[in-house]
Amino acid sequence: MEARPLAFMVLVVVAGVAATWEVKMAGAELSDAQCKEERNLGINACKPVVYGKLPSPECCQRVRVTHLECVCPVISPQLAALIDINRAVRLIEGCGRRVPRHYKCGSITTP
């Protein structure tokens with residue numbers, strides 16, 4: 001898996017999901033396999049953004065439905081270093097999501 005698509009997807013999901021993290025889904029926690037699948041779906045949906053494209057409706061949808069607990073554990077300092085957080089915040093807000101200020105998830109803190 002390429003680091004840049006994963007890095008951007010992680011930030012997209014973190015900021016998008018963080019805006020709605022209070023809304024909990026009923027039921028048990030997701031398994032490692034389910035979280036990995038969520039991350040892969042998001043990476044595939046949002047990969048064109050890494051190459052300068054705007055987020056597609058599918059990418060924005062993934063931002064809205066991916067679980068925060070599946071994303072934060074994989075954000076290492078190395079992964080966070082690959083992210084242009086200001087660009088990502090603009091793109092996320094373009095998806096109609098508010099990005100919380102100073103939100104910490106893994107090694108990322110939003111501005």
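Q: In which loop of the predicted model is histidine 102 found?
A: The structure is a predicted model. Helix H6 covers residues 85–94 and strand E1 covers 104–105. Histidine 102 is placed in the loop between H6 and E1.

Q: Is histidine 102 buried or exposed, and what is its relative accessible area?
A: The backbone of histidine 102 has a positive phi of about 60 degrees, although the residue is not a glycine. A residue counts as exposed over 50% relative accessible area. Histidine 102 is therefore exposed, with a value of 54%.

Q: What pattern do the helices and strands follow along the sequence?
A: The chain holds six helices and two strands. Read along the sequence, they give the pattern α-α-α-α-α-α-β-β.

Q: How many disulfides does a search of the whole structure find?
A: The bonded cysteines of the chain can be numbered in sequence order, and the pairing is then 1-5, 2-3, 4-7, 6-8. The search of the whole structure gives a total of four disulfides.

Q: What is the handedness of the disulfide between cysteine 46 and cysteine 59?
A: The sulfur atoms of cysteine 46 and cysteine 59 are 1.9 Å apart in this disulfide. Cysteine 46 belongs to helix H2 and cysteine 59 to helix H3, so the bond ties together parts that are 13 residues apart in sequence. Both cysteines are buried. The torsion about the S-S bond is about 105 degrees, so the disulfide is right-handed.

Q: How many residues apart in sequence are the parts tied together by cysteine 60 and cysteine 95?
A: A disulfide joins cysteine 60 to cysteine 95, with an S to S distance of 1.9 Å. Its torsion is about -65 degrees, so this disulfide is left-handed. Cysteine 60 lies in helix H3 and cysteine 95 in the loop between H6 and E1, so the parts tied together are separated in sequence by 35 residues.

Q: What is the handedness of the disulfide between cysteine 72 and cysteine 105?
A: In this disulfide the sulfur atoms of cysteine 72 and cysteine 105 are 1.5 Å apart. The torsion about the S-S bond is about -120 degrees, so the disulfide is left-handed.

Q: Where does cysteine 72 lie, and in which strand is cysteine 105?
A: The pair links distant parts of the chain, 33 residues apart. Cysteine 72 is in the loop between helix H4 (68–71) and helix H5 (77–80), and cysteine 105 is in strand E1.

Q: Why does cysteine 72 count as buried, and what is the relative accessibility of cysteine 105?
A: Buried means under 20% relative accessible area. Cysteine 72 has a value of 19% and is therefore buried. Cysteine 105 also counts as buried, at a relative accessibility of 1%.

Q: What is the distance in space between cysteine 46 and cysteine 60, C-alpha to C-alpha?
A: Cysteine 46 lies in helix H2, residues 32–50, and is buried at 2% relative accessible area. Cysteine 60 is 14 residues away from cysteine 46 in sequence. In space, the C-alpha to C-alpha distance between cysteine 46 and cysteine 60 is 8.1 Å.

Q: Within what arc do the buried residues of H3 fall?
A: Helix H3 spans residues 57–65, and its buried residues are Cys59, Cys60, Arg62 and Val63. Seen down the helix axis, these residues line one face of H3, because they fall within an arc of 155 degrees. On the other side of H3, the exposed residues are Pro57 and Glu58.

Q: How many residues make up the largest nonpolar core?
A: Among the members of the largest nonpolar core are Leu68, Val71, Ile75, Tyr103 and Ile108. Cys72 and Cys105 also belong to this core, which has nine residues in all. A second, separate core of five residues includes Ala45, Cys46, Val49 and Cys59.

Q: What percentage of the residues of the chain count as buried?
A: The accessible surface of the chain comes to about 6400 Å², and carbon and sulfur atoms account for 55% of it. Of the 111 residues of the chain, the share that count as buried is 42%.

Terms used:
Residues numbered from 1 in each chain as written. Predicted model: local features only at pLDDT ≥ 70, side-chain atom pairs only at ≥ 80, totals over all residues. Heavy atoms only, no water. Buried < 20%, exposed > 50% of the residue type's maximum accessible area, 1.4 Å probe, protein only. Helix = DSSP H or I, 4+ residues; strand = E, 2+ residues; numbered from the N terminus. Arc of directions from axis to C-beta. Areas by Shrake-Rupley, 256 points an atom, 1.4 Å probe, with all protein chains shown as cover. Core = buried A, V, L, I, M, F, W, Y, C linked by side-chain atoms within 4.5 Å. Disulfide = S-S within 2.5 Å.
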